Amino acid sequence: MDFLYNLAVSISAFFLKLLTPFLPKLNRFFKGRKQLFEKLEEQIAKEDRVIWVHAASLGEFEQGLPIIQRLREEYPGFKLLLTFFSPSGYEVRKNSGAADVICYLPLDTKKNARRFLEIARPSLAVFIKYEIWPNYFEALRKGGTPIVLISAIFRKRQVFFKWYGGYMRKALRKVSFIFVQDQQSQILLDHIGFSNTAVSGDTRFDRVSQILDRDNTLPMVEEFKGNSLCLVAGSTWPEDETLLLDLIDKTPEGMKFILAPHDIKADHIAKLRSRISGKTLVFSEREGKVATDYDVLLVDTIGLLTRIYSYADLAYVGGGFATGLHNTLEPAVFGIPVLIGPQYEGFKEAEDLVAQKGILVVKDKTTLSDTVNQLIQDADYYRTTGRINAEYITKNKGASVQIMGYLRTLL
């Protein structure tokens, strides 16, 4: 099985490289890994003590950030190495200063794993949520480096729990300890013989709680909103935008909208703008404009959404119609109602809050319009819905404390 896995990785890499001229994201995936080992050797000296944290993409990075921050604060004598698998994580955070060294993770081949670890020589490896890489895990085990998986969540449909999942179960057994988000995950692992687990919850609750303690002020957004009710739609996809544009056209005067689409390319922003009948301002074109004169704000800049949510009276989170739901906790922490599309299975916090009626599911243009109107017209319903979200996050904080308590025993 080991031979088949490594053959599959090599074949996949070969064919994916052939597609790089046609897929920009895939091109960045391979281009970013060129001269990676040489760059790593320049940044990590042989005498350095290293803590390695790996995140698949941007969402996992945000999830693990409370642990990353605490490791940097408590262990300044160590060099923190942060790796990403996906360009959507690396490209956004490569210059963030979140770690001493930030780079891509080389593909999971035996040769890459051996060379990467010969350079990094980590004293501890922390993997966030899902990432299970057999060759890296085997090399870490051979080198005596403890592996800790944090904020993990498991579902019965995953390969670990299938009759044919022996190879991936073997890889998972190399993990020293697994902190899972919920009891169901722990039960599933227990059924296949794992006792090295603890239910800590999700570090994302600690991460989003930090948002409340920082300065979220954006003068231009504050000016745009004024005293109006404001719906902020974040990380939207075309399926979401079809509903939202219809809502914008039908909503009475006095309510304002902020759209922060997932795709912020100029042509997509222009297309959205052309479909909106109200006065529309693009964030990057705000200079010299009087923001209060506009009804709709299109955000074509990354990194602002969590602060923009602080100005929302209602929030809509995109991805729930096909592509995968985005982060619902970021708006929920502000104690406001959150609306999403119907496909949220597998997103535990969304499942929980839909059941508790803090997150409201819309299925089409009509249900979106009806739900927004009900929230606007019924003050008690509005307050109750928002309070459910805020209380849920407060109740679930604290995963970082438990995880750090264990990590301290390894360093």
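Modeller: Here is a short tour, taken topic by topic.

Biologist: What should I know before we start?

Modeller: This is a predicted model, where local features need pLDDT of at least 70, side-chain atom pairs count only at pLDDT 80 or more, and totals for chains, interfaces and linings use all residues. Residues are numbered from 1 along each chain as its sequence is written, and side-chain values use heavy atoms, with hydrogens and water left out.

Biologist: Which position does UniProt list for "active site"?

Modeller: The unreviewed UniProt entry lists Glu60. UniProt positions are given in the numbering used here, feature names are shortened, and annotations may be inferred rather than shown by experiment.

Biologist: Where is Glu60, and is it buried or exposed?

Modeller: Glu60 is in helix H4. Helices (H or I, at least four residues) and strands (E, at least two) are DSSP runs, numbered from the N terminus. Glu60 is buried, with a relative accessible area of 14%. Buried means under 20% relative accessible area, exposed over 50%, and partly exposed in between (1.4 Å probe, protein chains only).

Biologist: What is Glu60 in contact with?

Modeller: Ala55, Ile128 and Lys129, leaving aside neighbours within four places in sequence. Contact means heavy atoms within 4.5 Å.

Biologist: Switching topic, why is helix H10 largely enclosed?

Modeller: Seven of the eight residues of H10 (residues 204-211) are buried, so the rest of the structure largely encloses this helix. Among the buried ones are Phe205, Val208 and Ile211.

Biologist: And what covers them?

Modeller: The cover includes helix H4 (58-74), helix H18 (379-395) and helix H19 (399-407).

Biologist: Which residues touch the most other members in the largest nonpolar core?

Modeller: Of its 70 residues, those are Trp52, Leu81, Phe116, Phe154, Leu172 and Ile178. A nonpolar core is a set of buried Ala, Val, Leu, Ile, Met, Phe, Trp, Tyr and Cys residues joined through side-chain atoms within 4.5 Å. A second, separate core of 39 residues includes Phe205, Ile211, Val221 and Leu305.

Biologist: OK, salt bridges. How many are there?

Modeller: The count comes to 21, with a salt bridge being a side-chain nitrogen of Lys or Arg within 4 Å of a carboxyl oxygen of Asp or Glu.

Biologist: Give me a couple.

Modeller: Arg115 forms one with Glu38, and their closest N and O atoms are 3.9 Å apart. That pair links distant parts of the chain, with Arg115 in helix H6 (residues 110-120) and Glu38 in helix H3 (residues 36-43), 77 residues apart. Arg115 is partly exposed at 33% relative accessible area, and Glu38 is partly exposed at 37%. Another joins Arg155 and Asp182, with the closest N and O atoms 3.7 Å apart.

Biologist: Are Arg155 and Asp182 buried or exposed?

Modeller: Arg155 is buried, at 17% relative accessible area, and Asp182 is buried too, at 11%.
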